[in-house]
There are 2 protein chains.
Amino acid sequence: MAELSRRRLLGAGAAAVGGAAAGWGAGLLTGGVRADAAPVAVVPFHGPHQAGVATPPPAHTTFVGLDLRPGVDRDAVVRLLRVWTDDAARLTAGRAALADTEPDLATVPAALTVTVGFGPGVFAATGRGDRRPPWLAPLPPFGVDRLESRWSDGDLLLQVGADDPVTVAHSLRVLLKGARSAATVRWTQRGFRRARGSEPDGTTMRNLMGQVDGTVNPRAGTADFDALVWIADGSWLAGGTSVVIRRTRLDLDGWDELDRPGREIVMGRRLSDGAPLTGDAEHDEPDFAARGVGGLTVIAPNSHIALARSADPGQRFHRRSFNYDEAPSGEEVSDSGLIFVSYQADPVAQFVPVQQRLSDADLFNTWSTPIGSAVFAIPPGAREGEYLGQALLAA
Amino acid sequence: MAELSRRRLLGAGAAAVGGAAAGWGAGLLTGGVRADAAPVAVVPFHGPHQAGVATPPPAHTTFVGLDLRPGVDRDAVVRLLRVWTDDAARLTAGRAALADTEPDLATVPAALTVTVGFGPGVFAATGRGDRRPPWLAPLPPFGVDRLESRWSDGDLLLQVGADDPVTVAHSLRVLLKGARSAATVRWTQRGFRRARGSEPDGTTMRNLMGQVDGTVNPRAGTADFDALVWIADGSWLAGGTSVVIRRTRLDLDGWDELDRPGREIVMGRRLSDGAPLTGDAEHDEPDFAARGVGGLTVIAPNSHIALARSADPGQRFHRRSFNYDEAPSGEEVSDSGLIFVSYQADPVAQFVPVQQRLSDADLFNTWSTPIGSAVFAIPPGAREGEYLGQALLAA
């Protein structure tokens, strides 16, 4: 993020992408933010950015990491991406895919988005190693990590989100069938939030610990967001971004042993409304210098809120996380956590320093453990007639 | 179903339960059918029947089979049922449970229902073996079965449904924590349908094969439904019912190899709208005698629709099934199927003969395989101040 100056973050970014936006209609600038929350809502597939990044998070999103089969080359990857692009364009519009064997399930788009990402393996398999972004690699190990390979890495990412779980299941199956000859499923992570309409749009989610989670997030459609998220370096990735997916197990049983004041100290926020302990409302600026009885700061310096914050405005990213809750086994009563998801132009510059601070000292580490980690490059959106990744893979 | 005469099925049942209904308000007669599809919708918990049976199926339902811990006796089971009753009454009203450690997640009831069932083990553990209904046992084996113990049987059933997946996750955790000292989780099955609002209320669901599934179903609130579903024998189970839960794996890959006309022959219904092959609309009566070109019946005698139908109106039940779609492994691109769920006053009389016919000859067996099976008695609903199962367990 060395190049991403404070000036760009605070306004000039708007001019930088304004030109592109004019060509696509301002409504598409943020990657297809839907104005309509109805289940027939359609998020446009084509555009300068892939949908599913700036798009308001839907109730359900499944993330699938795939491995390319041995021997798959550039031609095979291009074939796969052509199929995925065509399938996604149809399904997101509420139409059956070309080889859709269950076309009757394709009629409820429910704000469906399909987002495709590339892991390091795509560059190796397609002879494009020289165009691999330098940050596209596993994140450096953090002390708090307990990573399992069954939740980590992968050559390709398929992210399928919608407000209707049947739509997600059907779309995912269509897309995975299209990938069968070129790739196998490495991991699947099923995430959810509140159902569409359960809360006013724009409500910050609560995770399964009940915490308001994701308050400080750049707002889609602003120059700040664009500068933080979209790559604008003139490369094949311009208009794209990166995604970091960290499966984070939450120890709900352990958290239960902590009383409410204790939990608020750990987070630095009130549980009831997510306000910082020095404020009155969720979006109030925390006052890290304010002191209470005994002279200690009201917000503990090793609270989650304090360590997640940086004086460097470049150490920010767009969070778009989902809960997970799998069937418990044995004596557990839940296998729950957060599929932490962040998008940023450069994960090494923007995400890693924050994660390093949290890993080193966050009080919350006692109850949260990263068990999976993956990074993907998210190519720019496709225009009509293009396929996803064309700027990288065209001969 | 010997006692359940045609006369009762065709009308007299209304009088039989009318008296009870008067005391509860007609709105509760069907077990709490909500008039409101909004996410703040509340399905009443108290009433003569447990909610979650006649209640319109929500987008998400999780079924959990539990085993009682060794040594658990009547007192311990009563304690558990008191806790579950109190928790369920609060959570379904959008209020936090008494020992709710995440009360901030309890604010969106989203038509939450909690339904409790008893397996054979409850009767043994509580010294109530003499009150165990004769049909409460594993179903007889069917030739088509490939049952796995990890999806079968259990001492207790917890059925938690809502239109919001966070509500389901939170409520389930509260309830399972309350059960920890008395029981362990044996299996968990997570089911889903279309999101609330995706389709008009009352639309027959499609399963993940795209079939309209559940057309012939008694309509909640009718005398026909009441006579088929609610037990009215004067026993402790009066006002209760039974549930059969059959996890049925659907071979979507194999089904894909069949063309659309072939699929319609297997089912006996059109895929587009679920109409019988002899009819024009979903709810048209099929004409099993109608013959087409070549003199064969239009609806094959071993089609699913033909075998599921009986001349005996007592061989019917209330279906309330859900899709499942778990993470695939290896070369699969989906691990999908149907959590078949039926409620009936007597599963041996009403369900078993139908399942036997289907097992023996249904063309659809090639693509559908029961891999789990469980039967539970569903005690009647609790009045204010009562606990679920009180009529069985009170000293």
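How much area is buried between chain A and chain B, and what share do carbon and sulfur atoms give?

1. About 4,400 Å² is buried between chain A and chain B, with 49% of that from carbon and sulfur atoms. Buried area here is the accessible area (1.4 Å probe) lost when the two parts are put together, summed over both. Bear in mind that this is a predicted model, where local features need pLDDT of at least 70 and side-chain atom pairs pLDDT 80 or more, while totals for chains, interfaces and linings use all residues. Residues are numbered from 1 along each chain as its sequence is written, and side-chain values use heavy atoms, leaving out hydrogens and water.

2. On contacts (heavy atoms within 4.5 Å), chain A puts in 50 residues and chain B 49.

3. The rule finds 16 salt bridges across this interface, each a side-chain nitrogen of Lys or Arg within 4 Å of a carboxyl oxygen of Asp or Glu. Have a look at Asp253(A) with Arg173(B), a salt bridge at 3.0 Å, N to O.

4. Which elements of chain A give two or more residues to the side touching chain B? They are α4 (165-179), β4 (183-192), α6 (252-256), α7 (260-267) and β7 (322-326). α4(A) gives the most, seven residues.

How values were computed. Chains lettered and ligands numbered in written order. Helix = DSSP H or I, 4+ residues; strand = E, 2+ residues; numbered from the N terminus.
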